[in-house]
Amino acid sequence: MHYPHGVHRSNYFTVWRSGDWKAIFHAFPDQYAKEKRIQSDSHVQLFNLASDPFEQNDLSESQPHILEQMIQEMGEQLERHHAVYPVDDKGNEVRPSL
């Protein structure tokens with residue numbers, strides 16, 4: 001899923017799934033989304049859906065090698081599909097990265 005726009009339940013995010021793994025990239029994590037809630041306390045999140053189907057345990061710090069692979073795959077797919085990206089206050093595209 002790729003939402004390079006807002007306002008939505010969550011804004012400006014991309015999700016990539018690979019097997020049991022799910023990575024989420026928040027372009028602007030500290031911006032309010034719909035219902036006046038902050039989306040995330042970081043740009044990236046990583047979950048293992050087999051052991052955590054309700055996404056309660058962010059594994060981005062404990063599994064950095066998996067997160068790195070997932071973000072790389074996410075970026076490759078976005079490029080293949082000629083995705084549009086959100087832009088920051090200076091007009092720069094915000095692409096998934098660590």
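1. Contact here means heavy atoms within 4.5 Å. By that test, and leaving aside neighbours within four places in sequence, leucine 67 is in contact with Ala23, Val44, Gln45, Leu46, Ser60 and Leu98.

2. Basis. This is a predicted model: local features need pLDDT of at least 70, side-chain atom pairs count only at pLDDT 80 or more, and totals for chains, interfaces and linings use all residues. Residues are numbered from 1 along each chain as its sequence is written, and side-chain values use heavy atoms, with hydrogens and water left out.

3. Core. A nonpolar core is a set of buried Ala, Val, Leu, Ile, Met, Phe, Trp, Tyr and Cys residues joined through side-chain atoms within 4.5 Å. Buried means under 20% relative accessible area, exposed over 50%, partly exposed in between (1.4 Å probe, protein chains only). The largest nonpolar core has 15 residues. Ala23, Phe25, Leu46, Leu67, Met70, Ile71 and Met74 touch the most other members. Strand E3 (21-26), strand E6 (44-48) and helix H1 (64-80) each supply at least two residues of this core. H1 gives the most, with 6 residues. Another core, of 5 residues, lies apart from it; among its members are Phe13, Val15, Ile24 and Phe47.

4. Element names. Helices (H or I, at least four residues) and strands (E, at least two) are DSSP runs, numbered from the N terminus. Two strands pair if DSSP finds at least two bridges between them.

5. Sheet. Strands of a sheet pair through backbone hydrogen bonds, either parallel or antiparallel. Here an open sheet of 4 strands has the order E1-E2-E3-E6, with antiparallel pairing. Strand E1 (2-3) and E6 are the edge strands, each pairing on one side only. E1 and strand E2 (residues 13-18) are joined by 2 bridges. Tyrosine 3 has phenylalanine 13 in E2 as its bridge partner. H1 packs on the sheet and touches E1, E2, E3 and E6. Its direction makes about 110° with that of E2; axes are lines fitted to C-alpha atoms, for helices over the stretch in contact, and angles run from 0 to 180 degrees between N-to-C directions.

6. Strand E3. 6 of the 6 residues of E3 are buried, so the strand is largely enclosed by the rest of the structure. Both faces are covered: Trp21, Ala23 and Phe25 are buried on one side, Lys22, Ile24 and His26 on the other. E3 pairs with E2 over 6 bridges and with E6 over 5 bridges. E2 and E3 form a hairpin with 2 residues between them. Glycine 19 in that turn has a positive phi of about 60°.

7. Lysine 22. Check this residue in E3. Lysine 22 is buried, with a relative accessible area of 13%. Its side chain makes a polar contact with the side chain of glutamate 55 (2.6 Å). A polar contact is a pair of N or O atoms within 3.5 Å; within protein, one must be able to donate a hydrogen and the other to accept it, and residues adjacent in sequence count only if both atoms are side-chain atoms. Lysine 22 stands opposite phenylalanine 47 in E6.

8. Aromatics. Rings of Phe, Tyr and Trp (its six-membered ring) pair if their centres lie within 6.5 Å; planes under 30 degrees apart count as stacked, over 60 as edge-to-face and the rest as tilted. A search of the whole structure finds 2 aromatic pairs. The rings of tyrosine 12 and phenylalanine 28 have centres 5.2 Å apart and planes at 80°, so this pair is edge-to-face. Tyrosine 12 is partly exposed at 22% relative accessible area, whereas phenylalanine 28 is buried at 14%.
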